Amino acid sequence: MAGPWWRQCRRWSTNCTSASLFETLWQSNSRSAALSASAVGRTSRSSGPRDEGQASALQTETNQKTFNYTSSVTRHKPRLLDPKLQTCCCRKIHSDAKLKDPFTLAQKDLKSLYDDIRKELFVSKDELKYLCDYYFDGKGKAIRPMIVVLMARALNIHSNRAGDLLPGQRAIAMISEMIHTASLVHDDVIDGSDKRRGKRTINEMWGERKAILVGDFILSAASMALARIGNITVVKVLSQVIEDLVRGEFMQLGSKENENERFKHYLEKTFKKTASLIANSCKAVCILVNSDPEVHEIAFQYGKNVGIAFQLVDDVLDFTSGASQLGKPSAADLKLGLATGPVLFACQQFPELHAMIMRRFSSKGDVDRAWQYVLQSDGVQQTNFLAQRYCQEAIRQISMLRPSAERDALIRLTEMVLTRDK
């Protein structure tokens with residue numbers, strides 16, 4: 001079973017041309033969309049019949065979908081949900097010289113984000129308030145709320161509404177950042193990290209007990225804000241995120257003996273720990289303006305695929321940033337005993353890694369040797385190409401929405417995910 005998976009990944013790299021990565025993604029997406037343009041008139045945005053193959057793919061369990069993704073992504077053809085569009089909805093964008101910048105478009109909505117979060121965390125006890133505000137200093141990238149804001153506006157336009165955010169949608173953007181930050185506080189305790197966002201972690205400065213309580217308090221404030229939205233379906237969707245975070249953390253504590261099972265385990269863990277928050281937040285803002293499950297699925301799938309790609313690139317940077325910026329390996333994941341994408345790909349060329357993975361790089365010299373094996377292999381390259389395929393699927397999904405500046409910005413965001421260096 002392993003053969004076709006790894007050979008498929010290597011075919012991606014050998015078929016890559018000198019054209020820009022983003023241009024390659026767009027050309028592939030546009031060709032696929034053109035094949036289905038003749039069927040657009042038969043499709044209804046709100047109640048049209050589903051293609052059985054696509055419907056079954058959308059309903060497949062996450063772990064099966066992620067592992068079998070490389071063989072299925074080229075089979076699916078995008079289907080536009082706007083019946084008024086008789087041609088490929090991405091054709092106009094494909095001819096534009098430059099897509100919209102996501103940060104510029106979302107800036108207005110995110111301007112007071114951290115101030116509003118600090119208001120949600122208001123408490124009379126000075127020390128607790130200071131600890132809760134510690135990471136909400138406005139210096140974070142705010143990637144998750146930015147995606148949520150852009151998705152909300154794109155969905156509002158798609159659903160024949162004004163582009164402005166609803167109060168509930170803005171609250172979801174704020175809640176997504178609160179849940180994310182609370183999970184970072186808890187992760188730092190679990191990992192024993194001493195630095196986060198360029199400064200000392202809460203657990204390093206005030207101890208693990210207070211750090212755990214701060215993370216809990218931020219989650220409780222996010223839950224209160226979620227309840228005030230007043231939509232039970234949105235509450236269920238975002239509650240799933242917290243369950244996934246916990247399950248993903250437990251998955252990270254274990255590994256699998258079988259190589260295929262190990263990679264599936266890794267991708268499912270990546271979805272639960274990283275992508276679930278983005279995917280379900282995108283779905284939640286959709287629920288507030290559109291009752292069509294197909295549109296909900298588009299929002300979810302975009303967030304899921306971008307989220308997984310984001311983490312894959314993050315796993316690559318754990319190797320490449322240390323080598324290029326510090327002149328020595330950072331290998332933070334290896335030191336924590338984690339086998340990420342580059343290591344799992346490298347294991348196919350260097351079977352010696354298998355024993356190291358199973359003992360979580362705990363023997364003397366394991367981290368340094370594993371790091372060298374990864375750099376000598378094509379593990380980094382193959383992980384980057386896997387991230388590219390997930391971004392291609394994200395583009396395919398979001399291209400089904402009605403054209404808008406915000407939709408274009410979400411497409412542009414996929415390039416930023418793939419080319420970031422920190």
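This report covers cavities, aromatic contacts and a few backbone features of one predicted model.

Residues are numbered from 1 along each chain as its sequence is written, and side-chain values use heavy atoms, with hydrogens and water left out. In this predicted model, local features need pLDDT of at least 70 and side-chain atom pairs count only at pLDDT 80 or more, while totals for chains, interfaces and linings use all residues.

**Cavities**

The structure holds 3 cavities of 30 Å³ or more. A cavity is a set of points, on a 1 Å grid over the protein atoms alone, where a 1.4 Å probe fits but cannot get out; lining residues have an atom within 4 Å of a point. Volume is the space filled by probe spheres set on the points, which are joined across faces, edges and corners. The largest cavity has a volume of about 170 Å³. Its lining has 16 residues. G254, S255, H265, L338 and A339 lie nearest the centre.

Two helices, α14 (232–252) and α15 (259–287), each supply at least two lining residues. Helix α15 gives the most, with 4 residues. Helices here are DSSP runs of H or I with at least four residues, numbered from the N terminus. By class, the lining has 6 nonpolar, 6 polar and 4 charged residues. Asp, Glu, Lys and Arg count as charged; Ala, Val, Leu, Ile, Met, Phe, Trp, Tyr, Cys and Pro as nonpolar; the others, Gly among them, as polar.

**Aromatic contacts**

Rings of Phe, Tyr and Trp (its six-membered ring) pair if their centres lie within 6.5 Å; planes under 30 degrees apart are stacked, over 60 edge-to-face, the rest tilted. The count comes to 9 aromatic pairs. Y130 and Y134 have ring centres 6.4 Å apart and planes at 55 degrees, so this pair is tilted. Y134 is buried (under 20% relative accessible area, with exposed over 50% and partly exposed in between; 1.4 Å probe, protein chains only), at 9%.

Charges also sit over rings (NZ of Lys or CZ of Arg within 6 Å of the ring centre and within 35 degrees of the ring normal).

| Charged residue | Ring | Distance to ring centre |
|---|---|---|
| R144 | F310 | 5.7 Å |
| K199 | Y134 | 4.1 Å |

**Backbone features**

N160 has a positive phi, near 65 degrees. N160 lies in the loop between α10 (143–158) and α11 (167–191). F361 also has a positive phi, near 55 degrees. The loop between α19 (353–358) and α20 (366–376) holds F361, and F361 is buried at 5%.

How values were computed
1 Å grid on protein atoms, 1.4 Å probe; cavity = no way out; pocket = protein on both sides within 12 Å on 5 of 7 lines; lining within 4 Å.
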